[in-house]
Amino acid sequence: PVLVDFWATWCGPCKLISKVVEKAEAEYGSDKVKIVKIEVDPNPELVEKYGIYGLPTVMLFRNGEPVEGSKREGAINLPKLKDHLTKFGVEA
C-alpha cells in the first residue's frame with residue numbers, strides 16, 4: 001500500500017504532520033507502506049480527482065486505487081496515524 005500525504009507550503013499543520021509521516025515511514029519501512037507526498041498547488045487535477053478539500057490530508061492507496069474510507073483530513077499524531085493504518089490492514 002501507499003500512503004499519500006497531500007500538503008501545501010503555506011499550510012502550518014502540514015509541517016507538523018510531515019514529521020509524523022516521516023516517523024511512520026521509518027517505523028514501518030517501505031516494504032510495509034510506501035509514503036508519497038503530493039504538493040497540492042502544482043497538482044490541481046489530483047486535488048479535484050480525489051476530493052481534497054482540507055489540508056493536510058492523508059489517503060491510503062492499494063493497486064493504484066484509493067482505499068475506501070481511508071481519506072483523513074487534519075493534523076494527526078503518530079499513534080493516531082498508526083491506528084488509522086492498522087484499521088486498513090497495515091501493520092508495523
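**Around Lys71**

Reply: Let us start with Lys71, which touches Tyr50, Gly51, Ile52, Thr57, Val58 and Met59, leaving out residues up to four places away in sequence. Contact here means heavy atoms within 4.5 Å. This is a predicted model, in which local features need pLDDT of at least 70 and side-chain atom pairs count only at pLDDT 80 or more, while totals for chains, interfaces and linings use all residues. Residues are numbered from 1 along each chain as its sequence is written, and side-chain values use heavy atoms, with hydrogens and water left out.

Me: Where does Lys71 lie, and what makes it count as partly exposed?

Reply: Lys71 lies in the loop between strand E4 (65–66) and strand E5 (72–73). Helices (H or I, at least four residues) and strands (E, at least two) are DSSP runs, numbered from the N terminus. Buried means under 20% relative accessible area, exposed means over 50%, and partly exposed is in between, with a 1.4 Å probe and protein chains only. Lys71 has 36% relative accessibility, so it counts as partly exposed.

Me: Which backbone oxygens lie by a polar atom of the Lys71 side chain, and what makes these polar contacts?

Reply: The backbone oxygen of Tyr50 lies 3.2 Å from a polar atom of the Lys71 side chain, and the backbone oxygen of Gly51 lies 2.8 Å from a polar atom of that side chain. A polar contact is a pair of N or O atoms within 3.5 Å; within protein, one must be able to donate a hydrogen and the other to accept it, and residues adjacent in sequence count only if both atoms are side-chain atoms.

**The aromatic pair**

Me: How many aromatic pairs does a search of the whole structure find?

Reply: One. Rings of Phe, Tyr and Trp (its six-membered ring) pair if their centres lie within 6.5 Å; planes under 30 degrees apart count as stacked, over 60 as edge-to-face and the rest as tilted.

Me: How do you know whether Tyr50 and Phe61 are buried or exposed?

Reply: Tyr50 has a relative accessible area of 16%, so it is buried. Phe61, at 8%, counts as buried too.

**Strands and their partners**

Me: What makes E3 mostly covered?

Reply: Five of the six residues of E3 are buried.

Me: Which strands pair with E3, and how do you know that they pair?

Reply: Two strands pair if DSSP finds at least two bridges between them. E1 and E3 pair in the antiparallel sense over five bridges; here Val4 has Met59 as its bridge partner, and Val2 stands opposite Phe61. E3 also runs antiparallel to E5, with two bridges, and Thr57 stands opposite Glu73 there. Two bridges join E3 to E4, again antiparallel, and Phe61 has Pro66 as its bridge partner in E4. E3 and E4 form a hairpin with two residues between them, and Asn63 in the turn has a positive phi of about 55°.

Me: What makes E1, helix H1 and E2 a right-handed β-α-β unit?

Reply: Strand E1 (residues 2–7) and strand E2 (residues 34–39) pair in the parallel sense over six bridges, and Trp7 has Glu39 as its bridge partner in E2. With helix H1 (residues 12–28), these strands make the right-handed unit. A crossover is right-handed if, with the strands pointing away from the viewer, the path from the first strand over the helix to the second runs clockwise.

Me: How do you know how compact the protein chain is?

Reply: The chain has three helices and five strands. Its radius of gyration is 12 Å, close to the 12 Å that the globule rule gives for 92 residues, so the chain is as compact as a globular protein of that length. The radius is taken over C-alpha atoms, and the rule is 2.2 Å times the number of residues to the power 0.38.
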